[in-house]
Amino acid sequence: MFDNLSEKLDKAFHVLKGHGQITEINVAETLKEVRRALLDADVNFKIAKEFTNTVKEKALGQNVLTTLQPGQLMIKLVKDELTQLMGGDTEGIDLTGNPSVILMSGLQGSGKTTFSGKLANYLKNKKSKKPLLVACDVYRPAAIDQLHVVGDQIGVEVYSDRDNNDPVAIAKAGVAHAKSAGCNVVIIDTAGRLAVDEQMMTEISNIHKAIAPQETLFVVDSMTGQDAVNTAKAFNDVLNFDGVILTKLDGDTRGGAAISIKSVVDKPIKFIGTGEKMEAIDVFHPSRMADRILG
Ligand code: GDP
């Protein structure tokens with residue numbers, strides 16, 4: 001995960017590490033390398049620039065040059081700033097509803113169906129919830145089958161209606177079914193497209209309005225870098241979603257989406273997907289991620 005970025009940041013700090021004394025030139029050079037590493041990781045130019053400017057100001061404010069271990073202090077400043085950029089604190093999901101309705105949104109292939117299963121499995125095993133999965137993709141019968149396979153695998157009921165082609169009606173019926181079946185969480189998997197289009201946005205927006213979910217989550221493939229950030233913006237403009245799910249972090253060597261998405265849409269990353277298996281789900285901790293990136 002983010003191996004390229006970690007390696008480049010490590011190189012950037014090389015000049016400072018081990019030095020008892022450093023100069024302003026060393027600091028400037030290091031921050032230039034940090035900025036380059038962020039740009040190579042596919043972090044947006046403006047964010048990378050602001051990031052290094054902030055670290056520079058803090059470094060000067062704390063008199064980095066006169067401290068005993070200036071290299072360590074610089075690494076700490078970068079780590080703190082990365083943590084802030086990725087969201088600061090860990091944010092949970094709202095499970096206070098009865099049932100709590102969670103709406104999944106995102107492009108086709110982003111990992112929505114897989115994540116819906118992972119989240120149901122997590123809530124069942126870790127939070128002692130009784131979830132219901134609802135299949136709202138009326139365009140691809142294979143998507144309904146896929147959710148049933150996932151449900152069977154984790155022992156969670158799946159609600160679907162193959163004869164109905166109205167996703168709003170299916171979502172509503174799914175919530176009603178959850179109530180009668182005593183399920184306290186409903187996870188609604190929706191149809192995605194390969195790119196943002198008006199019909200998909202109208203459909204997800206209609207489902208959103210009709211069921212007023214406690215949580216609307218936007219699922220995105222972290223390997224798509226800046227595209228992930230742009231797609232997040234498009235979905236957030238329409239849905240004003242509550243949180244981001246970053247999938248496929250196991251294959252992401254760059255890290256640009258993880259680093260920039262929070263500051264662009266101002267919504268927290270809540271969970272990450274780290275593999276294809278149902279157990280490959282983690283709560284997102286900004287500070288732990290910053291630790292991982294900086295090694
Ligand atoms: P959807 O179209 O948004 O519902 O996407 P799917 O859930 O069908 O996922 C698309 C592909 O990505 C599938 O082959 C999944 O196994 C895979 N996938 C989903 N999440 C992850 C993840 O966190 N890591 C990896 N490596 N693959 C994932």
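Me: How many residues of strand E7 (residues 269–273) are buried?
Reply: 5 of its 5 residues are buried, so to speak a mostly covered strand. Keep in mind that this is a predicted model.

Me: Which strand does E7 pair with, and in which sense?
Reply: E7 runs parallel to E6, and 3 bridges join them. Within that pairing, Leu246 has Ile272 of E7 as its bridge partner.

Me: And E6 itself, why call it enclosed?
Reply: Because 5 of the 5 residues of E6 are buried, the strand is largely enclosed by the rest of the structure.

Me: Which way do the E6 side chains point?
Reply: Gly243, Ile245 and Thr247 point one way from E6, while Val244 and Leu246 point the other way. All of them are buried.

Me: What about E5 and E6, parallel or antiparallel?
Reply: Parallel, over 5 bridges, with E5 covering residues 215–221. Phe218 has Val244 as its bridge partner in E6.

Me: Is Lys248 buried, exposed or partly exposed, and why?
Reply: Lys248 counts as partly exposed because its relative accessibility is 28%, and the buried class stops under 20% while the exposed class starts over 50%.

Me: Then comes H10. How many of its residues are buried?
Reply: 8 of the 10 residues of H10 are buried, making the helix mostly covered. Among them are Gly256, Ala257, Ala258 and Ile259, and the list also includes Lys262.

Me: What does UniProt put on residues 268–281?
Reply: The unreviewed UniProt entry annotates residues 268–281 as "domain: SRP54-type proteins GTP-binding". In the model that span is 0% helix and 43% strand, and its end C-alpha atoms lie 16 Å apart.

Me: Which strands are joined to E4?
Reply: E1 is joined to E4 by 4 bridges and runs parallel to it. Strand E2 (residues 131–135) is also parallel to E4, with 5 bridges between them.

Me: Which residues in E4 are the bridge partners of Ile102 and Leu132?
Reply: Ile102 has Ile187 as its bridge partner in E4, and Leu132 has Val186.

Me: Where's the cis peptide bond?
Reply: From Asn98 to Pro99, with omega near 0°. Pro99 sits in the loop between helix H4 (70–85) and strand E1 (100–105). As background, most peptide bonds are trans.

Me: What does Ala37 touch?
Reply: Leaving aside neighbours within four places in sequence, Ala37 is in contact with Leu5, Lys8 and Leu9.

Me: How far is Ala37 from Ala171?
Reply: Their C-alpha atoms are separated by 44 Å, and the two residues are 134 apart along the chain.

Me: Zooming out, how many helices and strands are there?
Reply: The protein chain has 11 helices and 8 strands. Its C-alpha atoms fill a box of roughly 70 × 40 × 30 Å along the principal axes.

Me: What share of the whole chain is buried?
Reply: Buried residues make up 53% of the 295 residues. The chain exposes about 13,400 Å², and carbon and sulfur atoms supply 47% of that area.

Me: Last one: how far apart are the mean positions of the positive and negative charges?
Reply: They are 3 Å apart, counting 34 positive and 38 negative charges.

How values were computed. Residues numbered from 1 in each chain as written. Predicted model: local features only at pLDDT ≥ 70, side-chain atom pairs only at ≥ 80, totals over all residues. Heavy atoms only, no water. Helix = DSSP H or I, 4+ residues; strand = E, 2+ residues; numbered from the N terminus. Buried < 20%, exposed > 50% of the residue type's maximum accessible area, 1.4 Å probe, protein only. Areas by Shrake-Rupley, 256 points an atom, 1.4 Å probe, with all protein chains shown as cover. Lys, Arg positive; Asp, Glu negative; His and termini not counted. Charge placed at Lys NZ, Arg CZ, Asp CG, Glu CD. UniProt positions renumbered as here; feature names shortened; annotations may be inferred. Pairing = 2+ DSSP bridges. Contact = heavy atoms within 4.5 Å.
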